[in-house]
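Here's a quick tour for anyone meeting this protein for the first time. Have a look at the sequence and the model, then read on.

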Amino acid sequence: MATLPRRFLPSTGALRALEALDRLGSATAAADDLNLSQSAVSRQIQALEEQTGVTLVIREGRRMVLTPEAADYAAEIRAALNKITQATLKLSVNPSGGSLDLAILPTFGMRWLVPRLAEFARLHPEVTINLSTRLKPFSFGAEPFDAAIHFGAADWPGTQALRLKAEAVVAVCAPGLIAGKAPRGPQDLMALPLLHIETRPEAWRAWFAAHGIETGPVTGTIYDQFATITQAALHGLGVALLPDYLAEQDLATGRLVRAWGGPTTSPGAYHLVWPVEKSRDAALKKFREWLATQVEDEDALPR
């Protein structure tokens with residue numbers, strides 16, 4: 001880095017001005033966000049243009065509009081500034097042991113990971129773990145996370161993975177949905193409204209295939225989380241494929257019943273994934289080594 005020309009390392013103030021202008025859309029809003037005057041924001045952008053030798057904004061009176069190239073640059077700068085902020089936060093909060101910013105799936109994170117974290121905290125009190133929910137894969141370059149809990153295949157570009165757990169699902173519904181007309185086989189479920197979870201688009205097709213029935217696309221309503229699809233099933237809106245550990249309590253109380261059949265293994269599995277460049281991070285290494293002791297598939301999920 002020290003051998004690069006000075007113009008390739010602009011000041012943080014100039015970069016923050018460009019990022020704020022891109023994010024907020026006007027110099028006035030950027031100035032308010034940065035607690036600067038509008039003219040100061042303009043000077044920061046002008047200094048950045050002079051330093052890089054590239055026109056970054058189109059000036060229309062007092063209005064400044066980023067060029068398409070500058071908008072792309074601002075997006076990369078935003079990711080870099082986020083990383084600097086997270087690194088500084090980690091240093092400030094826990095300078096000795098480090099911290100781990102972990103993206104989790106809400107249901108699996110709360111039902112499988114969180115009950116186990118007390119043990120990790122006891123073994124490694126020097127490591128702070130910060131949890132946030134993410135439902136879909138994301139770019140580690142654009143999001144300030146060190147690792148993520150993910151369901152599916154371990155195929156994120158530029159990452160390594162630790163397999164945690166397979167998932168078994170059961171087809172369930174409210175008792176009233178099939179009262180007096182209980183399905184006599186898996187094919188009968190095709191006549192019922194089917195509820196889909198957004199993160200498992202092929203779940204129903206895989207379920208039917210597991211019962212020897214090949215289908216085309218399976219239609220139905222879509223929900224973004226297991227919490228919402230469970231409520232939809234409870235209110236009689238259709239049949240849902242729920243992880244067996246999640247459906248167990250409602251099945252035991254009779255609020256839900258099995259529409260047909262028992263647990264079926266879902267394609268894919270839960271994984272811990274992390275970017276290759278983070279592999280030697282001390283906090284992540286401790287967490288990964290501990291988590292590897294928790295991944296026995298035959299060990300039932302906590303109820």
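What share of the contacts in the protein chain with a separation of 6 or more comes from residues 24 or more positions apart? Those residues account for 74% of them, where contact means heavy atoms within 4.5 Å.

## Before we start

This is a predicted model, in which local features need pLDDT of at least 70 and side-chain atom pairs count only at pLDDT 80 or more, while totals for chains, interfaces and linings use all residues. Residues are numbered from 1 along each chain as its sequence is written, and side-chain values use heavy atoms, with hydrogens and water left out.

## The overall picture

The protein chain has nine helices and 13 strands; these are DSSP runs numbered from the N terminus, with helices being H or I of at least four residues and strands E of at least two. The C-alpha trace spans about 75 × 50 × 30 Å along its principal axes. Its radius of gyration is 25 Å, while a compact globule of 303 residues would come in near 19 Å (taken over C-alpha atoms; the globule rule is 2.2 Å times the number of residues to the power 0.38).

Of the 303 residues, 42% are buried, meaning under 20% relative accessible area with a 1.4 Å probe, protein chains only.

## Two nonpolar cores

A nonpolar core here is a set of buried Ala, Val, Leu, Ile, Met, Phe, Trp, Tyr and Cys residues joined through side-chain atoms within 4.5 Å. The largest one has 40 residues, and L113, L164, L272, F287 and L291 have the most contacts inside it. Apart from that core lies another, of 21 residues, with L18, A27, A30 and L81 among them.

Take L272 as an example: leaving out residues up to four places away in sequence, L272 touches partners including L102, I149, L164, F287 and L291.

## Two residues up close

T107 sits in helix α5, which covers residues 106–123. Why does T107 count as buried? Because its relative accessibility is 17%. Beyond its neighbours within four places in sequence, T107 is in contact with W112, F226, A227, Y245 and L246.

F140 belongs to the loop between β4 (128–133) and β5 (147–152). With 9% relative accessibility, F140 counts as buried too. Not counting residues up to four places away, F140 touches K83, W156, V273 and W274, among others. F140 and P267 are 127 residues apart in sequence, and their C-alpha atoms are 24 Å apart in space.

Key: Buried means under 20% relative accessible area, exposed over 50%, partly exposed in between (1.4 Å probe, protein chains only).
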